[in-house]
Amino acid sequence: ILGLESLARPPRHLPLWNPETLFAYAARKEYLLETDLFCLKAAFKEAKQVPGLQKLFVNLRPRSVTHLKFAEQLIKLCEEAEVVPSQLVFELTEQQSILNLKTFLNNLEYLRNLGFGIALDDFGTGFANLQWLYDVKPDYLKIAGVFCRDVETNPTKQVLLSATLEIAQKLKIVTILENIETESEFETARKLGIEYGQGYYFCRPLSAQDLMSKNPTL
C-alpha cells in the first residue's frame with residue numbers, strides 16, 4: 001500500500017453534502033482557501049487513526065496554492081497535527097481556476113522544496129493535459145478512470161495507457177490508475193506496467209475508524 005486518499009464527504013443531511021456543490025459554492029463565495037484548509041484539517045484528524053500511514057493524498061484547488069497565505073497556514077496545520085511534509089501528496093484539480101500561473105508555479109515549487117509531494121489528478125480528461133503535465137512536473141500521475149473502464153477488452157485504451165506510461169517513465173513520474181473495479185482491469189493494468197492503482201477493487205471509501213476495524217494490520 002502506497003498510501004490513502006482523503007475524500008471530502010460532508011454529512012448527507014447538510015445542504016452542501018455533495019463535494020462538487022460544496023467547492024463550487026466555496027469558489028463563488030471566495031472561500032476556496034478556507035474550505036481547502038478545513039478539509040486538510042479533517043484529513044489530518046482521520047489520518048492520525050491509521051498508524052504507520054506512508055502517504056496521505058488530498059485534493060487541492062490550484063487557486064488555494066496561489067493564495068499568499070496558503071503555505072503559511074499549511075505549515076501551521078502540519079505542525080499542529082504533527083504531519084511531516086513528505087507524508088502529504090497534493091492532488092491538483094481544476095486548472096481553469098488558476099488566476100496567476102506564474103505565482104501558482106512559484107508557490108508550488110516552494111511546497112515541493114519543503115518536501116510535499118505533487119500529483120496531477122484525472123490526467124487525460126478536461127484540463128489535465130500535456131501542457132498541465134509540463135507546467136506542474138508532478139511526482140505522481142493519476143490517470144483518469146475513464147481509461148480503466150473495460151480496459152481488458154479495449155485495445156485503444158491499452159495503447160493510450162501504454163503511451164502515457166512511457167511518457168511518465170521518461171519523466172520519472174509514478175503512475176496511478178484510478179477507478180479500478182474488477183480483477184480483469186487490475187490484471188490488465190499490471191501487465192501494461194502501471195505502477196499503482198486505486199478503486200473499489202481494493203477498497204470502498206471508509207472512515208479511518210471503519211478502515212482500521214476491517215484491516216487492523218494495515
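Is Lys172 buried or exposed? Lys172 is exposed, because its relative accessible area is 74%; the cut-offs are under 20% for buried, over 50% for exposed, and partly exposed in between, with a 1.4 Å probe and protein chains only. Some notes on the rest follow.

1. Ground rules. This is a predicted model, where local features need pLDDT of at least 70, side-chain atom pairs count only at pLDDT 80 or more, and totals for chains, interfaces and linings use all residues. Residues are numbered from 1 along each chain as its sequence is written, and side-chain values use heavy atoms, with hydrogens and water left out.

2. Positive phi values. Most residues other than glycine have a negative phi, and most peptide bonds are trans. Lys172 has a positive phi, near 60°, and sits in the loop between H7 and S6. Helices here are DSSP runs of H or I with at least four residues, strands are runs of E with at least two, and both are numbered from the N terminus. Asn179 also has a phi near 60°, again positive in a residue other than glycine. Asn179 belongs to the loop between S6 and H8 and is partly exposed at 37% relative accessibility.

3. Another residue in that loop. Thr182 lies between strand S6 (174-177) and H8, and is partly exposed at 32% relative accessibility.

4. Side chains of opposite charge can pair when their charged atoms come close. The whole structure has 10 salt bridges, each being a side-chain nitrogen of Lys or Arg within 4 Å of a carboxyl oxygen of Asp or Glu. One of them joins Glu91 and Lys142, at 2.7 Å from N to O. That pair links distant parts of the chain, with Glu91 in strand S3 (residues 88-92) and Lys142 in strand S5 (residues 140-143), 51 residues apart. Both Glu91 and Lys142 are buried. They also take part in a salt-bridge network together with Glu5 and Glu178.

5. Arg112 and Asp139. Here the N to O distance in the salt bridge is 3.9 Å. Arg112 is in helix H5 and Asp139 in the loop between helix H6 (130-136) and S5, so the bridge ties together parts that are 27 residues apart in sequence. Asp139 is partly exposed, at 29% relative accessibility.

6. Arg149 and Glu185. This salt bridge comes out at 2.8 Å, N to O. Arg149 is in the loop between S5 and H7, and Glu185 in helix H8 (residues 183-192), so the contact ties together parts that are 36 residues apart in sequence. What about burial? Arg149 is partly exposed at 28% relative accessibility, whereas Glu185 is buried at 2%.

7. Helix packing, H4 with H5. Two packed helices are described by the angle between their axes and the distance between the axes. Helix H4 (residues 70-81) packs against helix H5 (residues 101-114) at about 25°, with the axes 11 Å apart. That makes H4 roughly parallel to H5. For reference, angles under 35 degrees count as roughly parallel, over 145 as roughly antiparallel, 65 to 115 as roughly perpendicular and the rest as oblique. The axes are lines fitted to C-alpha atoms, for helices over the stretch in contact, and the angles run from 0 to 180 degrees between N-to-C directions. The H4 and H5 crossing is right-handed, meaning that the near helix is turned clockwise from the far one by less than a right angle.

8. Helix packing, H2 with H4. The axis of helix H2 (residues 32-47) comes within 10 Å of the H4 axis, and the two cross at roughly 15°. H2 is therefore roughly parallel to H4, and the crossing is right-handed.

9. A surface patch. Leu130, Ile167 and Leu171 make a nonpolar patch on the surface, with about 280 Å² of accessible area together. Patch members have over 30% relative accessible area and no salt bridge; like charges are joined within 9 Å, and nonpolar side chains (Val, Leu, Ile, Met, Phe, Trp, Tyr) within 5 Å. Areas come from the Shrake-Rupley method with a 1.4 Å probe, and for residues only the protein chains shown count as cover. Ile167 is in helix H7 (residues 155-170) and is partly exposed, with a relative accessible area of 37%.

10. Leu133. This residue of helix H6 is buried, with a relative accessible area of 6%. Leu133 and Ala144 are 14 Å apart in space, C-alpha to C-alpha, and 11 residues apart in sequence.
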